Amino acid sequence: MNFDLTEERQMLQDTLRRYLSDKYDTETRNKIIDSEEGMSAEIWAELAELGVIGALFTEEQGGFGGFGFDVSTVFEELGRAGVVEPFLDTAVLGGGLIARLGDDSQKELFEEVIAGSLHLALAHGEPVSRYDLSYVESTAKANGDEIVLNGRKSVVVNAEAAGQLIVSARESGDAADQDGISLFLVPADTAGLTMRGYPLFAGGRAAEVTLDEVKIPASARLGEAGKGFAALSDVIAVADVALAAEALGAMDTAVELTRDYLTQRKQFGRPIGSFQALAHRYSDLLIEMEQARSAVINAAGHLETADAARQNASTRNLIGRVGRLVAEESIQMHGGIAMTKEYELAHIAKRIVMCDHRFGDIDYHLERFIELSAA
Amino acid sequence: MDLNYTEEEIAFRDEVRAFLDEKLPKELSDKVAARDHLGKEDMERWHAILNEKGWLAPNWPKKFGGAEWNAVQKHIFEEETARANAPRIVPFGLSMLAPVLQAFGSKEQQDYYLPRILNGEDWWCQGYSEPGAGSDLASLKTRAVRDGDHYIVNGQKTWTTLGQYANKIFCLVRTDPDVKQQEGISFLLIDMDTPGIEVRPIILLDGVHEVNEVFFDDVKVPVENLVGEENKGWTYAKYLLTHERTNIAGVGYSQAGLESVKRIARAERANGKPLIENPQFAARLANVEIDLMAMSTSNMRIISKAAAGQAPGVESSMLKVKGTIIRQEINDLARRAVGPYAMPFPSETVEGDNDPIGPDYAAPVSAAYFNNRKLSIFGGSNEIQRGIIAKVKMGG
């Protein structure tokens, strides 16, 4: 039994934490959020240079990490600093699918992802699919050597920046079937693909994507026809670890800010943390944070095992619950100052809460856990 | 024991409903229902409609032009207006300052200011909190020094709600720094266009400009703008805080919020079924509805006592705490209900002419969830309320 990070991961954590605390302060980050692009190309390039993307993939795939603890190490640091740049979308989801399914020529795109020169977006969720991963109404119809895509994709994070979208569409079966879903690499400028972009509540951007008679060559299909679901599940399992770790890092920041405020803010002639009513609630946050940290370790440590799905469901349920507690209690113990846009905690709290809206909220993961535990 | 309204009360409720049916502009109720931001003119428009009917000041005595309703009538009015998605009455002049002027102001102040509050000539804002004086309000530092027939005011107020619309501010200022904190505070009325006043916006975490900082730099205020006696301001401030405690539970807002969550949950689908049939979600919804049913009756018990002339005590604090917990839980359910569509930022969806992103009910829910964290912070935080309850009940 050993709960220490390996030397390589410890170095990665130290490097990332130092870089982000130097280069990604509240003011810089808030400017990035308000910018038209919703991200910084400079920060993206420098983080890619530091190995953030490479660490998310195995040597076989072309990276130098790729295990659960690599993913959790990277995303915990991104979460700690409230990073809004779309590493989850371009790297974990987009890069992850190409690494798993891509043929040799498609894998050339993967090298661009590792180098930080190409953005990707996963266009999978649809207006009524909610968190149901197999629900795909969009269609793909083969027409000779051509494939025609039709449908609507919702809240496609990073769509506007992406050079290529990975679009899921159904080649057979009913809307909720796992079988019959295919994945396609679609260049963003393909005729018939239109986007309506907008900023996200917790930073970054997304778009509603419409596919209207989008014609692509059959060679744009990633993997086998109708067999996309397994790979989707695999990359979303990695995304579950990433989101849980990101929330954990952000929660750590929230609790630290709260500690500082409780010790520095004086009312009634003394630090407010000296009031037992607040001191005990702060202690409760610390107790729950230990639970949260262990939950992320459980998910990261089981990612490569047969129990990954159940562990992920358990972790995301717990992180969702503790995340809401930490976000709300941190704001409450700060009072008005935490309600202001400029204050670090405001952004951090939004990041924490919004993690619960990607790939399943606490109720979804609870149901999944019950189902997988019964199996 | 009778849980029902009397015949007279039912008649009054029907009168309120008929009035709302007829007079509440649909543009306004649509905006409120969509949680769209109301502009100054929207709020003034609604005030004018109520004023014409004589219902703008439910709690004022008739001799000042109020409706002089009892607690049950006020409750019915608040419940019905919330249910009809009427704009809230902006409370600063009408229900915060006016009762203080009526109890402690001079005849001249009453004659001058009260009609101007009713007819909308003056928009008041509240100058209480300071950066260093939040929950510990009595530690406020904004200084007023007497100089002939003026006070010279220096300092800073913060969290000044809708201060950007106001032409007047009522302020707590320190006039004697050498006595016990509570004994050196005065209550001043100040024109916002006096030289030396600067208003700076504070943007909240949902991107909204609803509060401000107000800076005072050698601001000259005529002594006749002092309310009551010098150094007695804390008494008036406390009167204000205990006086305006009706609707503190926000029952009507919670009921409207709950109906809205149910509408969303009927429209959303999870696992191929309406979300409202999802066992986890249905249980969450049921729990909060059960709490709300009980709180609604607690609220009526206190209102009924108040209508019989008994002043509410710690029950107000209890209702504030429970009421905010319930409202915030409903906000959380709404956010949860819309799934991934909680993620878009509402700036381009609620304001402006664009169609909403996703279903129209999704646009405001995340902003509402975050914005309403304020409910348990302002007006005496829930921690302060709990302190009051324990202190009173343990005889401290």
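**How many bridges join strand 3 of chain B to strand 7 of chain B, and which way do the two strands run?**

This is a predicted model, in which local features need pLDDT of at least 70 and side-chain atom pairs count only at pLDDT 80 or more, while totals for chains, interfaces and linings use all residues. Residues are numbered from 1 along each chain as its sequence is written, chains are lettered from A and ligands numbered from 1 in the order in which they are written, and side-chain values use heavy atoms, leaving out hydrogens and water.

**View 1. Strand 3 of chain B and its partners.** To settle the opening question, 7 bridges join strand 3 to strand 7 (residues 209–222) of chain B, and the two run antiparallel. Here, B:His150 stands opposite B:Pro222 of strand 7. Strand 3 (residues 150–157) is also joined by 5 bridges to strand 2 (residues 143–147) of chain B, again antiparallel. In that pairing, look for B:Val145 opposite B:Ile152. Strands 2 and 3 of chain B make a hairpin with 2 residues between them, and B:Gly148 in the turn has a positive phi of about 65 degrees. Strands (E, at least two residues) and helices (H or I, at least four) are DSSP runs numbered from the N terminus, and two strands pair if DSSP finds at least two bridges between them. In a regular strand, side chains alternate between the two faces of the sheet.

View 2. A:Lys23 and A:Glu42 form a salt bridge, with their closest N and O atoms 3.7 Å apart. A salt bridge here is a side-chain nitrogen of Lys or Arg within 4 Å of a carboxyl oxygen of Asp or Glu. Over all chains, the structure holds 50 of them.

**View 3. B:Lys31 meets B:Asp42.** This salt bridge spans 2.8 Å, N to O. Because B:Lys31 belongs to helix 2 (residues 26–33) and B:Asp42 to helix 3 (residues 40–53), the pair links parts of chain B that are 11 residues apart in sequence. Is B:Asp42 buried or exposed? At 10% relative accessibility, B:Asp42 is buried, while B:Lys31 is partly exposed at 27%. Buried means under 20% relative accessible area, exposed over 50%, and partly exposed in between (1.4 Å probe, protein chains only).

**View 4. B:Glu315 and B:Lys305 pair up.** The closest N and O atoms of this salt bridge are 3.2 Å apart. B:Glu315 is in helix 10 (residues 314–337) of chain B and B:Lys305 in helix 9 (residues 279–307) of chain B, so parts 10 residues apart in sequence get tied together. B:Glu315 is partly exposed at 22%, and so is B:Lys305 at 35%.

**View 5. A salt-bridge network with residues of chains A and B.** Salt bridges link A:Arg324, A:Glu328, A:Asp356, B:Glu329, B:Asp332, B:Arg335, B:Arg336 and B:Arg373 in a network.

**View 6. A:Lys341 and A:Asn30.** A:Lys341 lies in the loop between helix 9 (308–334) and helix 10 (344–355) of chain A. A:Lys341 and A:Asn30 are 311 residues apart in sequence, yet 8.7 Å apart in space, C-alpha to C-alpha. A:Lys341 is partly exposed, with a relative accessible area of 29%.
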